[in-house]
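Subject: Structure handover

Hello,

Please find the structure below. My notes on it follow.

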Amino acid sequence: MAEHEHVRVAVIGSGFGGLGAAVRLRREGITDFVVLERASSVGGTWRDNSYPGCACDVPSHLYSFSFAPNPDWPRTFSGQEHIRAYLERVTDTFGLRPHLRFDSEVKRMTWDAERLRWRIETASGDLTADVVVSATGPLSDPKIPDIPGLDSFPGKVFHSARWDHDYDLTGKRVAMIGTGASAIQIVPSIQPKVGRLTLFQRTPAWVMPRVDREISGVERLLHRQLPFTTKARRGLLWGIRELQVQAFTKHPNELGFVEQLAKRNMARAIKDPALRAKLTPDYRIGCKRILLSSTYYPALAQPNVDVVASGLAEVRGSTVVAADGTETEVDAIIFGTGFHVTDMPIAERVVGADGRTLAEHWKDGMQALRGAAAAGFPNWMTIIGPNTGLGNSSMILMIESQLNYMADYLRQLDVLGGRAALDARPSAVHAWNRRVQDRMERTVWNTGGCTSWYLDASGRNTTIWPGTTSEFRRATRRVDLAEYQVLRPAAGTAPDETAPGSSAKKTQEAAA
Ligand SMILES: Cc1cc2nc3c(=O)[nH]c(=O)nc-3n(C[C@H](O)[C@H](O)[C@H](O)COP(=O)(O)OP(=O)(O)OC[C@H]3O[C@@H](n4cnc5c(N)ncnc54)[C@H](O)[C@@H]3O)c2cc1C
């Protein structure tokens, strides 16, 4: 990467968010951009999570880009390797390869208030950009809790998002820590293979059956020959989930009926009343993500599985000790303990107009205008930012809404002409956040009686969108310039040193 290279847009990350942004930029006729990726291939979540059983838990026909339908999804909930291959295909189909910069971890981005641009330091060199689109993912940096004695554990330790495929689990005594979305896919996949599996469960999950089946050849042929059938299928999957939102956001008591279905799902597989009691949650369904599996409970009922209804507290040599004192000797510890969500590592690396990092700005909780823009961080936006997560539908819908917003943001900058930057007004950010937090008060995520990764250290829900995806789509259709301050270079600023042909220079010329 040449030093001092300048681009109009720097996209960070090459998961669904970053690749989607890249496609959208090209569709808008913008080619002066790079995608900076710390790894050496695309895929994000679907490159990093290769654990046995890894699959989406939103049906594939909805969990994919609307502009790149895939008539050939092999299963209703396709596996990681198929989703990863899909993202590789999207990369090729839309000609994104020339824009990709692998092994380019972004170490720091600093706003240059004089030149109205971002100075970006990466593992493969430095560059500047007019606009940064940060798509580093909410579930991208694995979190392993600080467990006393873990460092001296003589066996194997890894996180579900960094699966060690060279380690053979056959016959091993394995401790699985956590009962989240990854753990419930891992448990049934490794249970037949391991010698003994001990599941450390701090909080039981509500688990509904997963209606996963092969998508037949006939269906696939139909989808290929008649593309509107793929659209109709997607529309149906989307509509059902939109209808569910009211119960999550306004009438959590209506979810009691779903709890009965989940209890029946458990009772079918778990005959031992003591185990059933351990596995029955004491909070309203939906408060934590509802998990889908038809194989999790049957696996837990197998004789080589123990459920410890307590979190891991300590490791003593090869013995793992639960908070309730239960001791188990194991060969391997697998952490299914999630990610840094409300303390996104990228926030420590973005330095805004006042010289403080985004993490410092967000020390009392993340907030961003329309889930994208933070005050004091001009021309910087994040994809899947604060309060854009979903409890029941496809994140791709939210990503595509944010891409509409991104496209309009760039259009607005063009319309403004010359060198300009948009900085979200603090009043607009606060007003947006207040509206979101007011709506949050009645939701199941806040009232359901659980603690979850949706909540930050102070108990505020800074991750979930408390509405339908169509409401979010409407809220992000256009950039309202009244919500932004337009920044111009200070008088006397040195002329633009941008290389000839760069978009910043072109914009200036066009405005002249
Ligand atoms: C196991 C698992 C299953 C999931 N299943 C579903 C599902 O079924 N339905 C659903 O809606 N959502 C699901 N999700 C959520 C999922 O994360 C999102 O749907 C989506 O994939 C996020 O895409 P993204 O591009 O924002 O982030 P990611 O896919 O995480 O991509 C972020 C990219 O940014 C890169 N990056 C991070 N930091 C830097 C840096 N400093 N410099 C350069 N590059 C950087 C990362 O390497 C990564 O490639 C799942 C998540 C997990 C972990």
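In which loop is Trp163 found? Trp163 sits between strand S7 (156–159) and strand S8 (173–177); helices (H or I, at least four residues) and strands (E, at least two) are DSSP runs, numbered from the N terminus.

Two notes on reading this. The model is predicted: local features need pLDDT of at least 70 and side-chain atom pairs count only at pLDDT 80 or more, while totals for chains, interfaces and linings use all residues. Residues are numbered from 1 along each chain as its sequence is written.

Leaving out residues up to four places away in sequence, Trp163 touches Ser50, Tyr51 and Phe158, where contact means C-beta atoms, placed from the backbone, within 7 Å. From Ala10, Trp163 is 153 residues away in sequence and 30 Å away in space, C-alpha to C-alpha.

Next, the sheet. Five strands form an open sheet in the order S7-S16-S8-S9-S12, with parallel pairing; two strands pair if DSSP finds at least two bridges between them. S7 and strand S12 (305–308) are the edge strands, each pairing on one side only.

S8 and strand S9 (residues 196–200) run parallel and are joined by five bridges. Arg173 has Arg196 in S9 as its bridge partner.

Regards

How values were computed
Contact = placed C-beta atoms within 7 Å.
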